[in-house]
Structures are given as C-alpha cells and as structure tokens.
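Me: I am new to this structure and would like to learn how to read its features one by one. Could we take them in turn, with the general idea before the case?

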Amino acid sequence: MSCRKMESKTPGRRTFLPKAFMWGLFALLALWQGGALALAATAPYTGQNKCYNNNGEIVCPQPGEPFYGQDAQYPGPRSFTKLGNNGQPLADNALEWRTVADNFTGLVWEVKQDADGFANYGNLNDADNTYAWYDDVEFPDDGDEEKGFWNNEVNTQVFINALNAARYGGFSDWRLPTVAELATLILPDGSHPAINQKYFPNTSLGPYWSSTTYLADAQGDALKAWRVRFGHPIANNEPASGIVIEESKAVEFFARAVRGFMDPHGGGFTGNDDVPAQDRTTTDIDSGLMWWTPMGPDDEDPDAPANNAAMAQLDIRRTWQEALAFCEEVAAAGYAGFGDWRMPSRTEMQSLLNYRTVPLSDLDSFPPPEEKNARFWTATTNALKPDEAWRINIDYGRIESSVKTDEYFVRPVRGGYSGPLAPDAIISPAQGGVFGLGENMEIRWNKDAFDAPENPVGNDPRILIRLSRDGGKTFFRINTPNPSPNTGLFVWKAAGAATNNAVLRISQQIDANDPVGDQDKWIEMGLFSIITRPDDTPPPQRQVTGGATDSGGGGCFINSLQP
C-alpha cells in the first residue's frame, strides 16, 4: 500500500500539508460573509450526556470496564444564544427571538414559526413549508439535473431569495446550509425532533434539505441532494431522527436558512514530526483533532518505517463494544506517545468527510480499509434506539445507525477537552483556532470554575497557565514570572516555534508556593495552531469563543456578525 504522499492535487480535496507551508490556514480566520467575519469550529460536540450498553442506558463505566470511552464520557462545550433584530443578543429566557447563534460553530440559524401542520408560503418562516431542491446560481451553465426542480416557484432557491429580499433578522446573506453544517444541529439524546428545542422550537418531524448535491460519480446521480432528518411523524413509529442520506431533488422537504461560514475542508491535514516515524498520526487543522493513521509498506519508499501491526488493525471489523475496547487498547499502548486515544463521536467522524469528492475520505491522508464502501463506528449511541450506534460510510457519506452487535471499522482520535473541571472552564482559545506568532492571544477562562481569589494576597493560590507544542506530551509555563490572579483573562504574545498541535492547560495552585497545580483543579484544551503568518496577511479581528456559555459568553462572535 502506498499512502505516504504529502500533497494531494485532486480538485476539491483537502491538502495534506507539511508543517512549513500552513499559510492557507489563515483563510479560515479572515473569511468574510456579507461584510462579517465568520469563524467556525468544524466538529462540535454532540451534546449526548448518557451512557449505554448494547441494550439501554447504564451508569457511565469506569476505565477498564465494558463500554468505557463512549461519547458522553468526553463532553465539550455546546451552547446557543438567542438573537433579536439585527443580530442583537437576547437573554437566555427571552420568549421571542428571530435567529439563533451557535456559539461553537459560529453559524447563525433561522428560527421557524407556526408549526400547526398547514403550510403558509405567505410566511417565509412557517415551519410547515416544504420545497423542492433548486439552485441555478451554483449551477448556472449545467443541465437541469444538477439545478434541480423549479416546481412552480416552490423551491429552495425562491425561499432563500425571498428571505434575503426581506432582510430577515436584519441581514441579506442567508443561504441553504451545507450537509456538514446542517448535521451539526442533530441532538442524539433521544429528543424528538432531534434538536435543541429550547432554541429551535417548531422544528418539523421530517427531513430538511442541505445545499450539497450528491455527486454524480457516487452511488446515485446529480438528481439527488443530501438531506438531514430531524424526526419521523409519531404515527410512522420509526425513530430515525439524525439520519443523513441522499434524496431526489424533486421531493419537497423542509428548509432552514443559515448565515455565517463553516468549511470543514478549508485548511488541511498535517503529519506530525513529534512522533516515531512508524507511529503515524495526522492532525486535522480545521477540527483540532489528531487521528490514528498507521502506515504500512510504501511501494515508492520501501525503506520508510512502517507499522504493519497497527496497519493490520485497520482492516479488522469489530462490534461497537469491541471498537470501544480497541481504542482503549491503543491508548493503553501509548501509540505515538499518547495515552488518551478514544473512539470519535458522530460529529468528529463526520468532520473527515468531504462531500465534494468521491470517495469522501482523503486517501492521501488516511489509509482506508481494503474493503470498499467502508463503514466506521462512532462513539455516539442512537438514543431513540439504544441498541444501535451511529456509523458513517466514508466512501459515500451516509450517516445511519446500526445494531451494536454488527461489525464495522474504527479509527481512534484524540483532542478536545480533558481534566476534572467542566469543559466550559476554558473559554478561549477555541479548539481548531489559529494564532500568529507575535500576536496577542487572549486566554480566557471561567473564573468561577476555580477557588483562587481575583485579588490574591499572601499565600493565596493563583492560576498556572501552560502550553504544549507537541500535542500534550510536554508543557511549559507561559504566565511567567508570576502566576496569574483569577481574573479570567491572561494575554500572551505568541512566541516560540510554530505548531499545529498546541494544547493549553490551566490549573490552580494549592498555595502560592505550588509550582505544579491542584490535581483536582485543572482543564486542558487542544488542538489549535500557532503559525507564522505571511507578511501581507492581516491579523484576525475577532476570535470565536468556543467555550461560551448560554448566558452570553459568545459575545465575541455575535458582535462580529453585526452589519
């Protein structure tokens, strides 16, 4: 097998970049939509907070116990903010709001109205309106197959155009979401519809259109597009909320508009020089995740180190329980020097899919199993059918659930939040963020998560802030010479070597003489990038606060979307 290429030139495919050539990353932080800076994390947390075995809910297991390592045991921040006219943030208990900001992905969503079972096309936001799929903007010179179906103006393009003409919420840059964006709203906790109904009321029990066409050279043709199902009518008695599959563009489905930008394939992958050559890992700069990517023999470089034993594991199909256990084995073995490998969640595994190419996974960056049409387990249970877990087809993109005793492949991952404190203890930087050397990095934390005083005196404990450049193997203090008071903010001028594997650790001292930190008062977050920017690249004006809370911690992002 030959999978060591460091660059992919396939159109539409993400590029596997050496560390020295990361200039294109900054496009993620400087990309404007309608005059607004739009920043986004591409693998948001699912919000699943319960554990399951093969049959139903269980008390979350401990390390070494069966079913340890599932989605709920690796939580992260997920929060929304209600917005009024012109994107003004509202109180979390507001009774009326026009749109919703996802404080983690950076997207702003339309809110539906009047879910009474009757369509009313005179109300653009009526929850019961359905549309055929049509888009002659993206496909102006292509045949009618790709454009979709006009359907007497009852189509998605007419809906979006009307929303922008009316400047809904005070803006005119609304669009149909991509399939990757729409799927981030799925809440796999058993809710029906499968969405956070506190912020997204009136969500219909059925599929919603994405803007993503199903590629003609996949298993279908350009007459299809991707859709995401948020529920089934109760009478259907088939709890399939959360399924992502392709459908004929002629079918009338629901639609929800979005503004902002989230491109899970705008940056690149990078190999890691800090690990043994045979223990390959790949960092996805967009998501801030490090993936297990063992390499076998290379036909082009037969002398290159290979890890045949690890490579052989890639082709082994496992039950869901066996897949969880295997990821724990990879962690226990300390693959690449790390002991925190785990099974990826549904959104993390989906972040690898590029719906603009076939197959959807990047073969130059990730060696695939020998089996075609390969399906991979995720750590996320289908809570409506707890004997099933979500699995993802990496060749064609479908996301469906299967009985946990079925056998599929698994790929371990690492990154995100860890430690005894809740993930929202770190507000910024955000996972997947990009910072330039020489620029001021605002490190923010939730001061209420720590006991240290804001104005310490004498032997009072303070806050220690450490940074790792090698994915969390080694750390060094950056708030020197003195630890910080618990104010919730420390500004660090980024210095040292560039890295795509940065991890931040914030901990509280036991007392003023403690150089290590209280083992019960710390939080880590990674991965994010610190890069050398090209001279002509302006610094970012805003930074998304991925750890924002419902009470308004996402204000940096909200302000960035003001007209």
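Reply: What follows goes from the whole chain to a helix, some sheets, a disulfide and a few backbone details.

Reply: Please keep in mind that this is a predicted model, in which local features need pLDDT of at least 70 and side-chain atom pairs count only at pLDDT 80 or more, while totals for chains, interfaces and linings use all residues. Residues are numbered from 1 along each chain as its sequence is written, and side-chain values use heavy atoms, with hydrogens and water left out.

Me: How many helices and strands are there in the protein?

Reply: Helices (H or I, at least four residues) and strands (E, at least two) are DSSP runs, numbered from the N terminus. By that reading the protein has seven helices and 28 strands.

Me: What percentage of the residues in the protein is buried?

Reply: A residue is called buried under 20% relative accessible area, exposed over 50%, and partly exposed in between (1.4 Å probe, protein chains only). Buried residues account for 58% of the 563 residues in the protein. Contacts, meaning heavy atoms within 4.5 Å, can be read alongside this: among those between residues at least 6 apart in sequence, 68% join residues at least 24 apart.

Me: How should I read a helix such as H5, and which of its residues are buried?

Reply: One can begin with length, where the expected span of a helix is 1.5 Å times one less than its number of residues. Helix H5 (residues 320-332) has 13 residues and should therefore span 18 Å, and its end C-alpha atoms are 19 Å apart, which agrees. The buried residues of H5 are Trp 320, Ala 323, Leu 324, Phe 326, Cys 327, Val 330 and Ala 331. They cover an arc of only 160 degrees around the axis (taken from the directions from the helix axis to the C-beta atoms), which puts them on the same side of H5. Cys 327, one of these residues, has a relative accessibility of 0%.

Me: What do the buried residues of H5 pack against?

Reply: Their packing partners are strand E4 (51-52), strand E15 (289-292), helix H4 (308-313), strand E16 (375-381) and strand E17 (388-393). After H5 comes Gly 334, whose phi is positive, near 65 degrees.

Me: How do I read a sheet, and in what order do E21, E23 and E26 lie?

Reply: Strands of a sheet pair through backbone hydrogen bonds, either parallel or antiparallel. Here two strands pair if DSSP finds at least two bridges between them. The three strands form an open sheet in the order E21-E23-E26, with antiparallel pairing. Its edge strands are E21 (426-428) and E26 (489-493), each of which pairs on one side only. Strand E21 is joined to strand E23 (residues 440-445) by two bridges, and the partner of Ile 426 in E23 is Trp 445.

Me: Which strands pair with E10?

Reply: Strand E9 (residues 207-213) pairs with E10 in the antiparallel sense over four bridges, and strand E11 (residues 244-248) pairs with E10 in the antiparallel sense over five bridges. Ala 225 of E10 is the bridge partner of Thr 213, and Ala 225 also stands opposite Glu 247 in E11. Five of the six residues of E10 (residues 224-229) are buried, so this strand is largely enclosed by the rest of the structure.

Me: How many disulfides does a search of the whole structure find?

Reply: A disulfide is a pair of cysteine sulfur atoms within 2.5 Å. The search finds one, which joins Cys 51 to Cys 60 with an S to S distance of 2.0 Å. The torsion about the S-S bond is about 90 degrees, so the disulfide is right-handed. Cys 51 is buried, at a relative accessible area of 1%, whereas Cys 60 is partly exposed, at 31%.

Me: Where are the cis peptide bonds and the positive phi values?

Reply: Most residues other than glycine have a negative phi, and most peptide bonds are trans. A cis peptide bond joins Ser 428 and Pro 429, with omega about 10 degrees, and Pro 429 lies in the loop between E21 and strand E22 (434-436). Another cis peptide bond joins Thr 480 and Pro 481, with omega about 5 degrees. Asn 202, although not a glycine, has a positive phi of about 65 degrees and is partly exposed at 31% relative accessibility. Ala 336, also not a glycine, has a positive phi of about 60 degrees; Ala 336 sits in the loop between H5 and helix H6 (346-350) and is buried at 1% relative accessibility.
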